Amino acid sequence: MGINIHEKQDVSFLFPSIGSGAAGVAGSSWLSDYAALKNGSYGKLMKAYYAGDKDSSTTAGSTRSSEKNILKKLEAEKKNPKVSKEVQKANSNLTSGLSSLKGSLSTLQNSSTYTDTENGRSAADKVVSAVKSFVTDYNNVVNASKDSTLTSKTAYVANMMSSTSANSSKLSEIGVRVNSNGTLEVDEAKLKSADLNKVQELFSSDNIMSYGSRLASRVQFAGTSSIKNTTDSVESSKPVVTGAAGLKADSTALASDKLYEKVKDKEGAEKYDVDKIFATAKSFVGNYNRMFDTAESSSNSGVLANLSSIREKTAKNADVLKQFGINVDAKGSMKIDEDTFKKADMSKVQEFFKDYGSSIATNASLVDYYMNTQAGVGSGYTAAGAYNVQGGSGFNGIM
């Protein structure tokens with residue numbers, strides 16, 4: 001029996017808090033700790049330290065020198081935290097686990113898994129085996145994330161868990177239950193009697209919005225992302241060029257009345273400036289594809305949530321876009337046909353983009369914001385495991 005997709009799952013282990021060994025060091029802020037030391041928050045600790053130090057001098061000058069040395073030592077430890085063997089093991093298990101999960105997902109997305117083989121092995125047996133392997137690999141990744149400090153990877157795991165929670169009802173139909181801690185559990189009897197078409201549809205590689213495709217994308221980026229600790233800071237303050245800002249501008253223009261203001265032709269008749277509208281639509285398509293090409297590899301949850309929202313809105317409106325010559329392929333990329341677009345009724349184009357364009361502009365603006373302002377933040381999840389990202393309301397409550 002599946003859980004309610006709005007049931008909160010505890011993923012606080014993905015973002016450790018202060019006071020939990022190496023993981024706590026990784027999740028804390030050096031600047032805030034340093035400020036706390038300077039303003040006396042650790043006064044009692046320091047007094048206890050001095051009281052227990054038989055070799056320390058009682059002179060004011062020696063005390064100040066000792067305090068300075070302690071602060072330097074703490075600063076050095078903060079900048080170069082010692083990672084425990086447990087954390088090292090978790091980091092290693094997470095990296096290897098992601099590789100295994102990538103393989104089990106690939107098997108479930110392979111069409112040959114759903115056909116009988118010549119050696120007598122049925123498709124049903126192959127699917128049951130593949131799903132069980134997937135669940136094992138998935139749980140290994142989730143459990144490894146509990147103690148891992150690789151936030152460039154755990155951010156993707158959190159997003160992966162969000163997708164799993166959102167698909168809990170469909171998973172339940174094929175005999176896979178989503179537990180409250182984010183792990184999966186197989187009901188083998190139910191799995192063996194499941195409709196193979198439902199399993200294949202759920203993990204389809206042809207549908208960019210399928211559960212399997214979303215997980216495969218997150219696992220791929222998590223597996224190839226550089227190893228980085230939560231103490232890392234933004235490397236550069238230079239704006240990240242993703243196409244999101246351009247998409248926002250094009251979407252806003254396509255949703256405005258100004259773009260569709262009629263002009264007079266040589267005979268004095270009023271008509272739409274189709275060339276101008278097409279140029280904007282063509283730019284929209286280019287920036288749309290550019291944004292996904294550059295931003296989808298981000299580990300920032302705010303970026304991922306808004307990209308996902310844009311994908312969903314576009315998928316829902318694919319048929320209407322096609323009428324205007326804008327086609328969306330299986331991978332979610334756009335292509336525009338000039339002849340078809342220019343032959344379309346511009347009043348219908350205006351009506352469509354008034355809602356769709358405005359909505360895409362909002363999400364694109366947030367993608368640009370998170371890629372630049374929040375570039376160094378691995379995730380938008382709070383320490384309690386709740387989702388806390390603007391524009392990600394559709395994810396609220398899932399985690």
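**View 1. G243 in the loop between α11 and α12 (244–255)**. In this predicted model, local features need pLDDT of at least 70 and side-chain atom pairs count only at pLDDT 80 or more, while totals for chains, interfaces and linings use all residues. Residues are numbered from 1 along each chain as its sequence is written, and side-chain values use heavy atoms, with hydrogens and water left out. Helices are DSSP runs (H or I, at least four residues), as are strands (E, at least two), numbered from the N terminus. G243 has a relative accessible area of 10% and therefore counts as buried (under 20%, 1.4 Å probe, protein chains only).

**View 2. Surroundings of G243**. Leaving aside residues up to four places away in sequence, G243 touches N287, R290 and M291 (contact: heavy atoms within 4.5 Å). Its C-alpha atom is separated by 6.8 Å from that of Y288, 45 residues apart along the chain.

**View 3. The second largest pocket**. Its volume is about 730 Å³, taken as the space filled by probe spheres set on grid points joined across faces, edges and corners. Of its 32 lining residues, I208, S213, S217, E296 and R311 are the closest to the centre. A pocket is an open set of points on a 1 Å grid over the protein atoms alone, where a 1.4 Å probe fits, with protein on both sides within 12 Å along at least five of seven lines; lining residues have an atom within 4 Å of a point.

**View 4. Helices at the second largest pocket**. At least two lining residues come from each of α5 (85–109), α7 (151–166), α11 (211–224), α13 (274–295) and α14 (301–316). With 8 residues, α11 gives the most.

Key
Buried means under 20% relative accessible area, exposed over 50%, partly exposed in between (1.4 Å probe, protein chains only).
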